[in-house]
Amino acid sequence: MKTEELCSLSIGDLSELFRKGEVSPVEATQACLERIERDDGKLNSFITLLKAESLESALHAERAIRSGNYLGPLHGVTVGLKDLFHTRGMRTTGGSKILQSFVPNEDASVVELLKGAGAVIIGKLNMHEFAYGVTNDNPHFGPSRNPWNLECITGGSSGGSCAAVSAGLCAGALGSDTGGSIRIPSSLCGVVGLKPTYGRVSKHGVLPLSWSMDHVGPIARHVKDAALMMNVMAGYDPRDPASSTEPALDFTYGLDEGVKGLRMGIIKNYFFDVIDREVKEAVLHACKVLEGLGADVEEVNLPELEHSRSISSTIVGAEAAAYHESNFKARPQDYGDDVRARLEVAYLLRATDYVKAQRFRALFVEKMAHLMKRVDLLLTPTCPIEAPKIGVQRVAVGGETQPVLNLLLRLTSPFNLTGMPAISIPCGFTSRGLPIGLQIAGRPFEEVKVLKAANAYEVHTEWHKRRPSL
Amino acid sequence: MAQPIENKIPLKAFKQVAELWGIILTDKRLEALTPRIQQTVADLARLDELELGDTEPAPIFQMKKQ
């Protein structure tokens, strides 16, 4: 099989070929490595490439599968890790100068699970410094570049992960999401990114940005692939104090059942009032598609959303300032300009501001839970704009220019406050050829419903089949 | 020279608070930070608008049997 084909297969198809012995994990890993060699000079999606290690791991998988020890759908499949997941004996930089030589002595829990399932870890991926930003314009390792237009940002902070998956440099990747860091770059790079329920996937061994807002999730080219990854990643971990004891189910269960009878809400008061026209049209059209497939779509309202960005930035600012305090006092000059400024300003926050934000959060969770009694899922745009060019700080929307940071976080961060599962899937392209994402959010621990709706949309549309040409 | 923001948080006071934390901000640096400070002050002002009643803060971590 040709490199081109091997690098565009879904995890589901690839694993079937491995299981049947029609393709070897070594062949597939080599194809990814060739693709990385060819394209990553342009994309800059990797911080550390694990060439020898991944080939050894693929060889091990090949032998195991041949001898009848097939471990499941991730066995022999290439997975990249955002460079904030601890990897034993392998540097974990957090995209920073501060940790450029940090070598953990154990794997993050979720990395242990992936390795246990036979996944081939192909490398550590570029990210916004310490995950504290959404452009992935990294001052220490260079910006990651959007595969659909190399002049544009990938979005972040899991930008390297999304660029690599989009361009076929690996079959799947891990990201983290504190205000949208899985979903934003997934939307801008045209891939699938799932932020599961808070506590569903362990954060043990993951560099934190904001303990109460951080989530870990999968990035893939297909909805089913994200579900397959979740089957390995999810579950209770006593080493993570926020880990949920809610039993992890089969996330592929009922994936093909369709959306007939599912109640879906569109919140027009917040999600559609500051938005690019083309993005709005594409997302509303996607809602129509789901309605046409049998979903009951209705308009709903949640006035408290207007406060959600202020609350999120207060909580993330306070927690990030606390985490970085010692390094920041000792080495402020080693932080990039934007992250440094964010941390400096975070010292403006008082303890009472943080507590007030957490109080609002409790109220917001309650209001959202009330709304979610009326609908099963919420449909929203993931980002209100297409990917801006690298270095652009402000973008005009509806005749007003706004900071890129605020715009990109606006529609995703509410679901970090509530901890609800939310996915971004491709739902169109702008006239400049840049991807648009549809966000689907569900009740806590109802990832299966979110995935089911996302899969129904994917199966009945063609957007996910487009791949960037580099 | 940057002006105090809404007479609420004078930049000089912010500079002093930062110094208490061991963060030295030059006037130039402070000026560069002004848009972000303005955004944060606006965010905090929005917090003041909220009616929270008896709402308790959201717990960060789950409680577990010891």
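Colleague: How many cavities of 30 Å³ or more does a search of the whole structure find?

Modeller: This is a predicted model, in which local features need pLDDT of at least 70 and side-chain atom pairs count only at pLDDT 80 or more, whereas totals for chains, interfaces and linings use all residues. Residues are numbered from 1 along each chain as its sequence is written, chains are lettered from A and ligands numbered from 1 in the order in which they are written, and side-chain values use heavy atoms, without hydrogens and water. A cavity is a set of points, on a 1 Å grid over the protein atoms alone, where a 1.4 Å probe fits but cannot get out. For cavities of 30 Å³ or more, the search of the whole structure gives a count of one.

Colleague: Into which classes do the residues lining the largest cavity divide?

Modeller: The largest cavity holds about 30 Å³ of space, a volume being the space filled by probe spheres set on grid points that are joined across faces, edges and corners. Its lining, meaning residues with an atom within 4 Å of a point, includes Leu6(A), Cys7(A), Cys32(A), Thr78(A) and Arg221(A). Ala, Val, Leu, Ile, Met, Phe, Trp, Tyr, Cys and Pro count as nonpolar, Asp, Glu, Lys and Arg as charged, and the others, Gly among them, as polar. On that scheme, the lining of the largest cavity divides into seven nonpolar, one polar and one charged.

Colleague: Which helix gives the most to the lining of the largest pocket?

Modeller: A pocket is an open set of grid points with protein on both sides within 12 Å along at least five of seven lines, and the largest pocket has a volume of about 1,100 Å³. Of the 45 residues that line the largest pocket, the closest to its centre are Asp338(A), Arg342(A), Leu405(A), Asn406(A) and Arg36(B). Helices (DSSP runs of H or I, at least four residues) and strands (runs of E, at least two) are numbered from the N terminus, and helices 11, 12 and 14 of chain A together with helix 2 of chain B each supply at least two residues of this lining. With seven residues, the one that gives the most is helix 2 of chain B.

Colleague: What share of the 66 residues in chain B is buried?

Modeller: Chain B has two helices and zero strands. Buried means under 20% relative accessible area, exposed over 50%, and partly exposed in between, with a 1.4 Å probe and protein chains only. Among the 66 residues of chain B, the buried share is 32%.

Colleague: Is strand 8 of chain A largely enclosed by the rest of the structure or left open, and how many of its residues are buried?

Modeller: Strands pair if DSSP finds at least two bridges between them, and strand 6 (residues 172–177) pairs with strand 8 of chain A in the antiparallel sense over six bridges, with Leu174(A) opposite Pro218(A). Strand 7 (residues 192–195) of chain A is also antiparallel to strand 8, joined to it by two bridges, and here Gly193(A) stands opposite Ile219(A). Strand 8 (residues 215–220) is largely enclosed by the rest of the structure, because its buried residues number six of the six.

Colleague: What is the angle between the planes of Phe360(A) and Phe364(A)?

Modeller: Rings of Phe, Tyr and Trp (its six-membered ring) pair if their centres lie within 6.5 Å, and planes under 30 degrees apart count as stacked, over 60 as edge-to-face and the rest as tilted. Among the nine aromatic pairs found over all chains, Phe328(A) and Tyr335(A) are edge-to-face, at 5.1 Å centre to centre and 80° between the planes. Phe360(A) and Phe364(A), both buried, are separated by about one helical turn because they are four residues apart in helix 13 (residues 351–371) of chain A. Their pair is stacked, at 5.7 Å centre to centre, and the angle between the planes is 20°.

Colleague: Which residues form one aromatic cluster with Phe328(A)?

Modeller: Phe328(A) counts as buried at 1% relative accessibility, and Tyr335(A) is buried with a relative accessible area of 3%. The residues that form one aromatic cluster with Phe328(A) are Phe130(A), Tyr335(A) and Tyr347(A).

Colleague: What is the relative accessibility of Asn136(A)?

Modeller: Asn136(A) lies in the loop between strand 3 (120–125) and strand 4 (145–146) of chain A, and its phi is near 65°, a positive value in a residue other than glycine. Asn136(A) counts as buried, with a relative accessibility of 0%.
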